[in-house]
Amino acid sequence: MNLLELSGVHTHIGAYHILHGVDLAIPKGQLTMLLGRNGAGKTTTLRTIMGLWHASQGSVRFGGKDITAMQTPQIAALNIAYVPENMGIFSDLTVKENMLLAARSAKNAAQMDDTRLKWIFKLFPAVEKFWNHPAGKLSGGQKQMLAVSRAIVEPRELLIVDEPSKGLAPAIINNMIDAFGELKRSGVTILLVEQNINFAQRLGDTVAVMDNGRVVHSGSMATFSADAELQQSLLGLAL
Amino acid sequence: MLKRLLSDDTPRSRVLAALLIAVVLGLAFAPFIFPGVKALSVAAKVLVFIVLVASFDLLLGYTGIVSFAHTMFFGIGAYGIAISATRLGAGWEAMAVGLGASLAVSLVLSFAVGLFSLRVRAIFFAMITLAVASAFQTLASQLSDFTGGEDGLTFKLPELISPSFEFSEEPFLGVSLDGRLLCYYMLFVAAVVLVLALLRIVNSPFGRVLQAIRENEFRAEAIGYRVVVYRTTAAVLSALFATLAGAMLAIWLRYNGPDTSLSFEIMVDVLLIVVIGGMGTVYGSVVGATLFVVAQSYLQDLLKLGSAAASDLPWLSVLLSPDRWLLWVGVLYVLSVYYFPTGVVGRLRTRASR
Amino acid sequence: MKFDFDWKPLLLVPGLALIALVFTGSFSTWLTLTIAGLAMGMIIFIIASGLTLVFGLMDVLNFGHGVFIAFGAYLATTVLGGMSDWATADSLARNLMALVPALLIAMLAAGALGVLFERFIVRPVYGQHLKQILITVGGVIIGEELIKVIWGPAQLPLLPPTAMSGTVFWLGAPIEKYRLFAVAVGIVVFAGLAWTLSRTKVGLLIRAGVQDREMVESLGYRIRRLFIGIFAIGSALAGLGGVMWGLFQQSVVPQIGAQVNVLLFIVIIIGGLGSTGGALIGALLVGLMANYSGFLLPKLALFSNILLMVGILLWRPQGVYPVSSR
Amino acid sequence: MLETKDLTIRFGGHVAVNAVSCAFAPGTLTAIVGPNGAGKTTYFNLISGQLKASAGTVSLDGKSLSGMSPSARTHAGLGRAFQLTNLFPNLTVLENVRLAVQATQEGAHKRGLNLWSIWSDHKALTARADELLAQINLKAREHATVASLPHGDQRKLEVALLMALEPKVFMFDEPTAGMNAAEAPVILDLIRQLKKDKTKTILLVEHKMDVVRELADRIIVLHNGTLVADGEPAEVIASPVVQEAYLGISKEAA
Amino acid sequence: QSGKDIRIAHIYSNTGPLEAYGKQTAIGFNLGLEYATEGTMMVNGRKLVVLEKDDQGKPDVAKSLLSAAYSDDKADLAVGTSSSGAALAMLPVAEEYKKLLVVEPAVADSITGDKWNKYIFRTARNSSQDAISNAVAQDKDGTSIVLLAQDNAFGRDGMTAFKESLKKAKVVGEEYLPPATTDFTAAAQRILDKFKGQSGRKVVYIVWAGAANPFKVSDLGLKSGGIEIAGGGNILPALVNYKPFPGMEGSIYYYFGIPKNPVNEWLVSNHYKKYKAPPDFFTAGGFAAATAIVTALKKTGGDTSTNKLISTMEGMSFETPKGKMTFRKEDHQAMQSMYHFKIKVDPAFAWGVPELVHEIKPEEMNIPIRNKR
Ligand SMILES: Nc1ncnc2c1ncn2[C@@H]1O[C@H](COP(=O)(O)OP(=O)(O)OP(=O)(O)O)[C@@H](O)[C@H]1O
Ligand SMILES: Nc1ncnc2c1ncn2[C@@H]1O[C@H](COP(=O)(O)OP(=O)(O)OP(=O)(O)O)[C@@H](O)[C@H]1O
Ligand SMILES: [Mg+2]
Ligand SMILES: [Mg+2]
């Protein structure tokens, strides 16, 4: 069953026509990898799902419900978490305050789920270490960790993440892979955009490849990994 | 040739080019096309505002410095002429002395202001300049022995450019050839020269660096530009041009006072014109100043017609009453921000580039 | 969490007062000046609080703040005029029964007007300071003209109710009763604001929304409603301030708001653009400074505010309580 | 020769870079690695002058750079690309690069502001900028405004600006982050070419170990702001600090 | 040339900060024309046409409007304007075009002083008349006075004239405050200091124009120190602030209840009829300008040539709501009565009512002539 479905989505940004009929299905409970070269339209697809840009044609359905025309807060309230490409860190706020805002059900820091926080701290030690620091002062990688931590501070049904591994040290990438693995096991559906093919192959259940504003391939990760020729032709890379 | 005169910054839109030509021709032949003292006053005010607004655009549009102290320099220019003409009499030397002195004062002040702009956040700077400008205005009205206080100064200029001077008894094409006409053409030439000079400056390598600083000061410094030097230079240049515009105003009016050249109202008008015209395009000042000054000068007359027409709808005629013309200026402000986010010039250029 | 409150700015107010004591010479004169200055500062704080709130939380530089001030003051002339029996009665209770509704109505109406203002004037220009300046100046012009349409262009008297006019004496220093009332109102406003902003998530949310609106929405919050709410509160505070200021001046003119604009800007710059506590300190300093310099060096009084601001900025270029690195 | 001596910076109580002394010789490519937050970017900021050191000095070819502004350091021969893209968003791609080319001219020939010549008369600048754009495959989009470029292209442009400065010292901060596997080689090729020219000093912060392994002549490791390892790539990568704190290998094994 | 319209340009602040004043002047001027022509709006068979122009209170606008009025609109003469600055800027225009300008209601002394030219007449009072009449009202033996005014030309000139014409009372101090002052605590303290060691009657004489209420100094320690407040009369909205000071004395330019003459009766009753409110300062002023012009035109038999008008008007007397005024030959200033008043509280009025103590006739005031001919 598909939790999220895009069919024939066209998106314009100002005068530019960016997405030219994207068809994409995200199966429930699975981790879908969205791949593609720079400028293929991956970020635009994610933003269209979140309602940050609106599709001019086609539809986006979540859990059977049409969300194409909905506003971002309403879409997010359907229990979706999103990590944007630029991370969306509130740099004037402390790390704690950043996390508190993401924890929608908590009124103050004391109400945040402790065990979950502990889990996050273990994965991303920097988040704990800089708990009361302004987030703007974090290093590039630390910000990336905070951005992902924010998305997982409370359980969500769908997690949409734009290039989480960029700028992370290998050890932390490993932690992140673990984290997504655990989340997946707990039943969360995940949509990931990634350039790090290694990362992609270790996590992905299904894969979709974009080019020029369209999805040009989709299928299971296993077949994709096995078929070097396909990878070569789609991504222009050999492993 | 024309292209070089325009420093290779052509209008890049047919409509815009047509508009500019219309404005320039209109101003060049204003005394003959639009007879009457009022029309000529409006045309002269347009000339002054074109220079003033273009000089502000150098600061705001090209350098990204929001300053409310720009009218301060405008006022300095106007007071320079006014004070020297009052003290030294109606001679050309007096004008030269006044101009020189006011340029010197502006130079020093703007240098300080420019340096200061680097120290504080942009929005802070804007509000501080607001306070400084208002203090300067109060100062000008306090030093009444010197500046004439609230009442301002009325003064005489050389006979040659005064209305009472007649070149010939015979009117030419229905227009009397007097000192006022000469004065107008003096302003016209000054405005053309100053605008072309500004156009050259913004299209020089220097101008490009200013734009870069506006976009990302941090990075401009990192690729090797001394931001301090560029910003201060821009601030000083823009102040000097504003001073010249102020002198033009004083020469035309043969009067100056705090409300005429220093008021916050003028500052806001200038800001609005920059936005209506299109920030970061010198042509925007030409188009914007013309549109705005003409609209402002004739709005009351227009409303008179409007309220007469609406006389059977009492509430509408109250709003359309010429007494409430400022209401419509306010509406104009709001609407122009709504509908001209990139200004007239920006709009026309995008349209042309499609 | 570590509690590292920055207490140094708090010393500015007593510091200034002590320095003035040395120069003033007479204790009773100093006391009069100080009490009057502090009370004046409270009134200024009330009018500035809304402005700094809207700027600090929403990053909107509202040149139109003055319109709400004027609007509040004018409404008060109407309300108090309508209840002049009570306002001029010789009983504090009755006076309050006239004044409190006047304050509430001014706040409600200014708040409602604020909602309209947000919708039609401010909304298109979030995040663009320059356009905010322009469009809100447009709003001011429209507002002032509408006030002239409704109430006429002439100056209108606005006298404080009987029980609040006149003076009381304390240690030989005359204190206008009205100023005492203003201090009470100011304290209520400050306490209310400080509590809301530090104890609830609302403050956080809005600060975050200013930086990255899209992200706040992506977290599932309806930032738009919140912004409207804040703007309404800021405007309501301006309306309240307008009544207080009008009663202090004892008259209103359509330009009443524009007249205090520069003063308000100085106060919130000193305070650190957006900090409520900072605005309070700034307002008290300005109030005191005006009285001390007016007594000691009247020639300089005109520039005392600017000098004060420059002095503070040399010490802390972002104001006493910088809110952010925006 | 670029050299830092006891370079230190504190943010409040936190020591982000702690007494780092290191020299970088022309003709070598040094990779700087370390966990997130180790202080790599901060170290760059201290060298290029974006941050003022709390203690220690930076010198280039024996000349001290301490106290110089970032622009002066650029003229002295330091070039820097940023980790988080940092361009002139509303100018076109071509204008971005041309500005960087122009900056070198200001430095080398005349220090004047040049406010009375027409920008488009300076054909040489445009030619040079075009050449650079061709090198990074961005010629096709030279008239697009930078804000509309996808993330990957912006990263490439970031590198182009650095190349345009023609510095003696190149500092790359994760130049290929967010760049896909097809595009990254373009950048890596550029770096390889620089290496061939034996006169340039290259500093590279990079998390992708395969890239580091291939390109680096030497690796230094920062950890909590301190220099903890310095040497041959193979040797450093094998060292326990790197294995544990950085690659997280031992953790997985345990 | 009978039959041709007589065109009068009336320039005033129809908008801007002085809007309320400008509107009163316009109403007064039109009522004045109506009264003086007995409703015909004709003089000697020539119709009077009024061209109303709004100078927005701005000198530059006023100047260009006046030029346009004389040249584009072919106005025969002009009246204006509300702001002194604007009026001063207009003076040379009248000279350039060699046409008459009747100044109303601007008060600056220099209009009929050093900036004057022979085309200028003024029906409005000047600052000296204000100050000197107040001095007459305050001048009593054994009185010590501290002056309190705004620190601008208006405040300082007024105080100088006031001081010069005091004969019995003595001035023990002067306080000049920034024009935008809103808090008077500091001023009150300084004033208290100045009165230290003085005996007898103590008075603070205040000249203030603007929204703030300087009478508050009384509450800030002066009343308890036995110090009285005094000030010249003011427009009606400002007289509200006089209500707490019954018995206060000063001199006023106009209050609708004071002058007893047929012109004022006509004005008050017609104004009430039309506007449901009493006339104020500027209404009376506008009215006077109108009667002056009509009187002159009647004398010249409708001749509008400038020189004829000037020679007719020099020394001419005319009836106004304030009684008879006369244009002094030397500087064309209208000499007029001022009214020494005492404030009374009348619950029927929102303001403190000035009651006439004594009409100060022009002869009682020695108004200096400051112009050069
Ligand atoms: N604001 C914008 N205005 C105009 N065009 C844009 C804008 N943002 C993106 N684009 C264009 O949309 C296309 C797709 O961009 P998008 O950011 O979705 O790519 P991407 O697949 O996420 O690439 P990357 O891997 O580099 O992040 C690109 O060609 C880009 O130039
Ligand atoms: N301006 C600042 N104020 C306070 N702390 C800072 C500041 N800048 C950096 N830091 C801290 O210094 C440490 C080093 O940051 P830096 O950006 O140099 O790390 P990095 O090694 O580049 O990490 P990454 O690989 O994640 O980019 C971080 O812990 C960061 O929080
Ligand atoms: Mg992307
Ligand atoms: Mg880094």
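Mentor: A polar contact is a pair of N or O atoms within 3.5 Å; within protein, one must be able to donate a hydrogen and the other to accept it, and residues adjacent in sequence count only if both atoms are side-chain atoms. This is a predicted model, in which local features need pLDDT of at least 70, side-chain atom pairs count only at pLDDT 80 or more, and totals for chains, interfaces and linings use all residues. Residues are numbered from 1 along each chain as its sequence is written, chains are lettered from A and ligands numbered from 1 in the order in which they are written, and side-chain values use heavy atoms, with hydrogens and water left out.

Trainee: Which residue places a polar backbone atom 2.8 Å from an oxygen atom of ligand 2?

Mentor: That residue is Gly37(D), whose polar backbone atom is 2.8 Å from an oxygen atom of ligand 2. Side chains take part as well: a polar side-chain atom of Thr41(D) lies 2.6 Å from an oxygen atom of the ligand, and a polar side-chain atom of Gln142(A) lies 3.3 Å from an oxygen atom of ligand 2. Of the 640 Å² that ligand 2 exposes when taken alone, the protein buries 88% (areas by the Shrake-Rupley method with a 1.4 Å probe; for residues, only the protein chains shown count as cover).

Trainee: Between which chains does ligand 2 lie, and how many residues surround ligand 2?

Mentor: Ligand 2 lies between chains A and D. Its surroundings comprise 20 residues, the closest being Ser139(A), Gly141(A), Lys40(D), Thr41(D) and Thr42(D) (a residue is near if one of its heavy atoms lies within 4 Å). Two or more residues of this shell come from each of helix 6 (140-151) of chain A, strand 2 (14-24) of chain D and helix 1 of chain D; helices (H or I, at least four residues) and strands (E, at least two) are DSSP runs, numbered from the N terminus.

Trainee: How should I read a metal site, and which residues coordinate the magnesium ion (ligand 4)?

Mentor: Donors are N, O and S atoms within 2.8 Å of the metal (3.2 Å for Na, K and Ca), and since water is not among the atoms, sites may look incomplete. Ligand 4 is a magnesium ion coordinated by OG1 of Thr41(D) and OE1 of Gln83(D), at 1.9 to 2.2 Å. These two residues link distant parts of the chain, 42 residues apart, with Thr41(D) in helix 1 (residues 40-48) and Gln83(D) in the loop between strand 6 (78-80) and helix 3 (93-108) of chain D. Thr41(D), whose side chain also has an atom 2.6 Å from an oxygen atom of ligand 2, is partly exposed at 24% relative accessible area, whereas Gln83(D) is buried at 14% (buried is under 20%, exposed over 50%, partly exposed in between; 1.4 Å probe, protein chains only).

Trainee: Which residues coordinate the magnesium ion that is ligand 3?

Mentor: The donors there are OG1 of Thr43(A) and OE of Glu85(A), at 1.9 to 2.3 Å from the ion. Because Thr43(A) lies in helix 1 (residues 42-49) and Glu85(A) in the loop between strand 6 (80-83) and helix 3 (95-102) of chain A, the pair ties together parts that are 42 residues apart in sequence. Glu85(A) is buried, with a relative accessibility of 18%.

Trainee: Turning to the backbone, which residues does a cis peptide bond with omega of about -15° join?

Mentor: Most residues other than glycine have a negative phi, and most peptide bonds are trans. In chain E, the cis bond with omega of about -15° joins Gly80(E) and Thr81(E), and Thr81(E) is found in the loop between strand 4 (77-80) and helix 3 (84-97). A cis bond with omega of about 5° joins Glu104(E) and Pro105(E), with Pro105(E) placed in the loop between strand 5 (100-103) and strand 6 (120-122).

Trainee: What is the phi of Asn44(E), and is Gln56(E) buried or exposed?

Mentor: Asn44(E) has a positive phi, near 50°, and lies in the loop between strand 2 (42-43) and strand 3 (46-54), where it is partly exposed at 48%. Gln56(E), with a positive phi of about 55°, sits in the loop between strand 3 and helix 2 (59-71) and is buried at 13%.

Trainee: Where in chain E is Gln150(E)?

Mentor: Gln150(E) belongs to strand 7 (residues 143-150) and is buried, at 4% relative accessible area. Polar atoms of its side chain lie 2.7 Å from the backbone oxygen of Ala209(E) and 3.3 Å from that of Pro179(E). For chain E as a whole, the secondary structure comes to 10 helices and 16 strands, and 65% of the 373 residues count as buried.
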